[in-house]
Amino acid sequence: MKLNEPMATDVACLRGPVHLAVDLGASSGRVIAGASDGGKLRLEEVWRFENKPVRVQNDLLWNHLGLWQNITEGLRRANDQVGSSGEAKIASVGVDTWGVDFGFLDEKNQLIGPVRCYRDPRNVGRLDDALQRLSREEIFAESGLQFMEINTLYQLLAAQQARDVGYQNASSLLMMADLFHWMLSNERTIEATNASTTQLLSPETGTWSAKLLDTFGFPSQWFPKPTPAGTPIGVVQGSAAEITGLHDVPVITPATHDTASAVLSVPAEEFAPASPDWCYISSGTWSLMGVELPAPKITPLCAELNFTNEGGVHGSTRLLKNIGGLWIFQQIRASLQRRGTAPSWSEMVAEAESAAPFSMLINPDDPSLLAPTDMIDAIGILATKTGQPAAANNGVLFRAALEGLALRYRVTLESLERLTGSSIRTIHIVGGGSLNSLLCQMTADACNRTVVAGPVEATAIGNVVMQMIGSGRLGSIEEARGLVRNSFPTQTYTPRNSEVWDEPAGRFAEL
């Protein structure tokens, strides 16, 4: 199935209240309908579309208007299909997206200027600029967040220094999901889990840091009290209702940060245990690896290891590390496409499986791989810089991208156990990366832990069940996770030959 083609769906066969999840990732978006039927949650994908940043001169921008057009098309199709059934009714709609990015509104309720991508080149160097005003220790004490140049704080500093027209004329700042909720409902909110990705929010109080806002000169009126996940914020407003047919349908904020929604769908039996024996990897373009805790860890060790305390649902904390994810694997394919070859994902995995192990080591978090013009060229330069031979064939590149991730997971697992003082026995991999059986087995082997892979549609599931909690159809997180366990299959991978990863892990540490 190609993007933006009509899809064969059974939305009309859903029973009872139907919740519509708009799930936007950094490479694609979807509109998914979900409903509980007979004790199981059923999802139907209505519309899928591409999401690619657009380069204009030196700027990297999101096509937010194209995204809105696709969102409304998907919602219209869902409404048409549900309307053809006499046994279902659309109960709510909610949007989740990636974190850190934002748009500006002016006092006349108009969107100002472009919406920039977190990989925009103008963000480069802004973290260093910020540290001229406050130390790492002071910023971490206020925010508890991992230091990454893509964070909202540094993007805002870039806008401030560039005298950006949006920055200078804004009356409101909206994170990406909140921007689309405003388009849907005409309500301006900032949902709490996405607010926690800005590096401007205190994880201990859940309120904006006055010290950070004052130090960097960001207007406090841009930052209203964060809205908890599961909050009904209004109904689909007139113009959006005309386009979609969703008249008087409630808009309920899910956990709008896609990782927070994905973590909600982890099929574990506990919610935010003080001593977790499981961790998660939300695996896609990025890998977010962490544990779910009842409270943040604002400690010197957490700062030293550069972990992040992001907000989870119902007051929980997602203590995690942002890892480069499948971005490198994806961009190798994009480089090959530009060279005239276009291997399928399955062909790439097969070639990786056949390649010699550990022929090349790639750190997925190397800064040179964040947004290169050509990923294969960038890997070649990095190999030379680190004293490694060039890749003998494409299979070596494919395998190195996956092995690098598994080795990064191993390091992160060790850090998580140090931070929590607990022994983690199980790694839950959710999201699209859970379909990559080679990566899942590599993770089990590298980490010497049992891996439970699935569900695949983790973010959409989390979006739907949070809407169900917000509408009163589910009573708790534990009940939601029970529904997930009963509804979606998982695949278990057990470690084998873990000792062969010890020597490469030593070399990887030197990178």
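Which ring does the charged end of Arg 136 sit over? That of Phe 147, with the charged end 4.2 Å from the ring centre. The criterion here is that NZ of Lys or CZ of Arg lies within 6 Å of the ring centre and within 35 degrees of the ring normal. Arg 119 also meets it, with its charged end over the ring of Trp 327, 3.7 Å from the centre.

Before I go on, the ground rules. This is a predicted model, where local features need pLDDT of at least 70 and side-chain atom pairs count only at pLDDT 80 or more, while totals for chains, interfaces and linings use all residues. Residues are numbered from 1 along each chain as its sequence is written, and side-chain values use heavy atoms, with hydrogens and water left out.

Next, the aromatic rings. Rings of Phe, Tyr and Trp (the six-membered ring for Trp) pair if their centres lie within 6.5 Å; planes under 30 degrees apart are stacked, over 60 edge-to-face, and the rest tilted. That rule gives 14 aromatic pairs. One of them is Phe 104 with Trp 222, a tilted pair at 5.2 Å between centres and 55° between planes. These two come from distant parts of the chain, 118 residues apart: Phe 104 is in strand β7 (residues 102–105), and Trp 222 is in the loop between α8 (210–216) and β11 (232–235). Helices (H or I, at least four residues) and strands (E, at least two) are DSSP runs, numbered from the N terminus.

Buried means under 20% relative accessible area, exposed over 50%, and partly exposed in between, with a 1.4 Å probe and protein chains only. Phe 104 is buried at 5%, and Trp 222 is buried at 2%. Phe 216 and Phe 218 are stacked, because their ring centres are 5.9 Å apart and their planes at 20°. Both of those are buried too. One aromatic cluster includes Phe 104, Trp 222, Phe 216 and Phe 218, along with Phe 102, Tyr 167, Trp 208 and Phe 223.

Now the strands. Two strands pair if DSSP finds at least two bridges between them. Strand β1 (residues 16–24) runs parallel to β6, joined by eight bridges; Gly 16 has Ala 88 in β6 as its bridge partner. Eight of the nine residues of β6 (residues 88–96) are buried, so the strand is largely enclosed by the rest of the structure.

Last, an open sheet of three strands, in the order β4-β5-β9, paired antiparallel. β4 (54–56) and β9 (115–116) are at the edges with a single partner strand each, so one side of each has no neighbour in the sheet. β5 (residues 59–62) pairs with β9 over two bridges, and Trp 62 has Val 115 as its bridge partner there.
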